[in-house]
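Biologist: Could you walk me through this model, starting with one of its pockets?

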Amino acid sequence: MKKNVNRFIEIERCDAPKLPLAQRKVEFKEIYTQLETTDLKQQAERCLECGNPYCQWKCPLHNYIPQWLKLAYEGRVIEAAELSHQTNSFPEICGRVCPQDRLCEGSCTLNDGFGAVSIGNVERYVNDEAFKQGWQPNYTSQYQLEQKVAVLGAGPAGLACADMLTRMGFKVTVFERQAMIGGLLTYGIPAFKLEKSILQHRFELFQQAGVEFRLNTEIGRDISLAQIETEFDAIFIGTGTYLPVREASLQISTNGVIESLEYLTAVNQDLLANQDIQYKSLVETKQVVVLGGGDTAMDCIRTSLRLGANAVTGVYRRTQSDMPGSAKEYLNACEEGAKFIFNAQPVAILAQDGQVTGVRFIQTKIEVDANKRKQLVNIVGSEFDVEADLVITAFGFQVEDLAWLESSSIERDKTNRRIKIMAKQLNQQTTNPKIFAGGDIVRGANLVVNAIADGMQGARDIQQFLLN
Ligand code: SF4
């Protein structure tokens, strides 16, 4: 089938349809539905197959984007899914949670005036559709290797490593402290962005492939790292970052001030258990203020709107265009009723009788210093108060002080506790040659897609370590 290379002029960019606003504002269901088949083909057809696919280079996994767009255009979804799985352990997840506007789509040649090809939607479509048609990733390796590998943490890095190692023929055991796999994909990201049935499906595929899961098992409490080292030939650590970053000046111990992950995890756990959401009574009809400008802040804002808050205000210390999260999620929050205040820095939690009543802010602006560097400065005398019944802080995460890692020979960065990677020959190898690591515990809080990239690379490194 010959392509018309001018279709990008005739056809506009099109996103996946969203559920009606009235419905999506009260439900914890994915708001995006699948692209119509004609839209899928048209979007795939818009790809110029340019000789220099910047999208592919900007994608942390270097996905074969133009190639699977072509297969999607030709209706060959199974082959498109096969191809996308060659470079990505979980393309159906990346299609949903990647900030495409900052990655592949942000680098699409058509993003310069015509609107990028909606790559994430096509990635999601072909993989969802292939699964619906009964396709499965192939875990039948030509080798059945005797070496056993332990993966610590069932978040995106650990699962991607387990996926690749299983494809290579290793015996894999995954240790996870929670009752379900996924890490932040399950307990952090709300279901309106990523439904939990997707992780359940992956769990079933892993089990069919022979991966052993030791859930509800905490390293250092239920089993020591030394025991795992004795039992296994290599180890991959992908236990993530869960410790909230705090603003020292804010009284976060006040009643009615909570941390983003505590909030999102509690809501996700109640939804998973099919029980009443305990936070609802604290949010319903209340004024909620969310501090922070990343995707986690947007998740808290949109969760609060669904729990019936009277008003939800997001406050960020810089401008809207400086927000570190995805523009798509900010727009979704606005559509669902959130209000935003920019260039405002929180300076105090206001309280009465130990209960939060609001937040005091000071306005900020950018000034250029003597070295021509841009600095964010507070504007003297510009303080103002915003009333709140509930304040949620979302300033990011850092690596926890993991006691079980302290006793190991793995070197960590002294200030931020991240695991150090030696990267002389093997990209993800730690100072203990038998132990590899990746994802947030190495990078600090980062994107899901980068954790997947680390996990996949970790598996390649372990293969080289064990087989050479
Ligand atoms: Fe884009 Fe993420 Fe998919 Fe890469 S993995 S193509 S960045 S959506």
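Modeller: Happy to. This is a predicted model, where local features need pLDDT of at least 70, side-chain atom pairs count only at pLDDT 80 or more, and totals for chains, interfaces and linings use all residues. Residues are numbered from 1 along each chain as its sequence is written, and side-chain values use heavy atoms, with hydrogens and water left out.

Biologist: Which element gives the largest share of the lining of the second largest pocket?

Modeller: A pocket here is an open set of points on a 1 Å grid over the protein atoms alone, where a 1.4 Å probe fits, with protein on both sides within 12 Å along at least five of seven lines; lining residues have an atom within 4 Å of a point. This pocket is lined by 26 residues, with Arg-13, Asp-15, Tyr-32, Gln-100 and Lys-328 nearest its centre. Helices are DSSP runs of H or I, at least four residues, and strands are runs of E, at least two, numbered from the N terminus. Six of the lining residues, the largest share, come from α16.

Biologist: Which strands stand at the edges of the open sheet of five strands?

Modeller: Two strands pair if DSSP finds at least two bridges between them. The order is β6-β14-β7-β8-β9, with parallel pairing. One side of each edge strand is left without a neighbour in the sheet, because each has a single partner strand: these are β6 (257–259) and β9 (339–341).

Biologist: And which residue of β14 is the bridge partner of Glu-259?

Modeller: β6 pairs with β14 (residues 390–393) in the parallel sense, over three bridges. The partner of Glu-259 is Thr-393.
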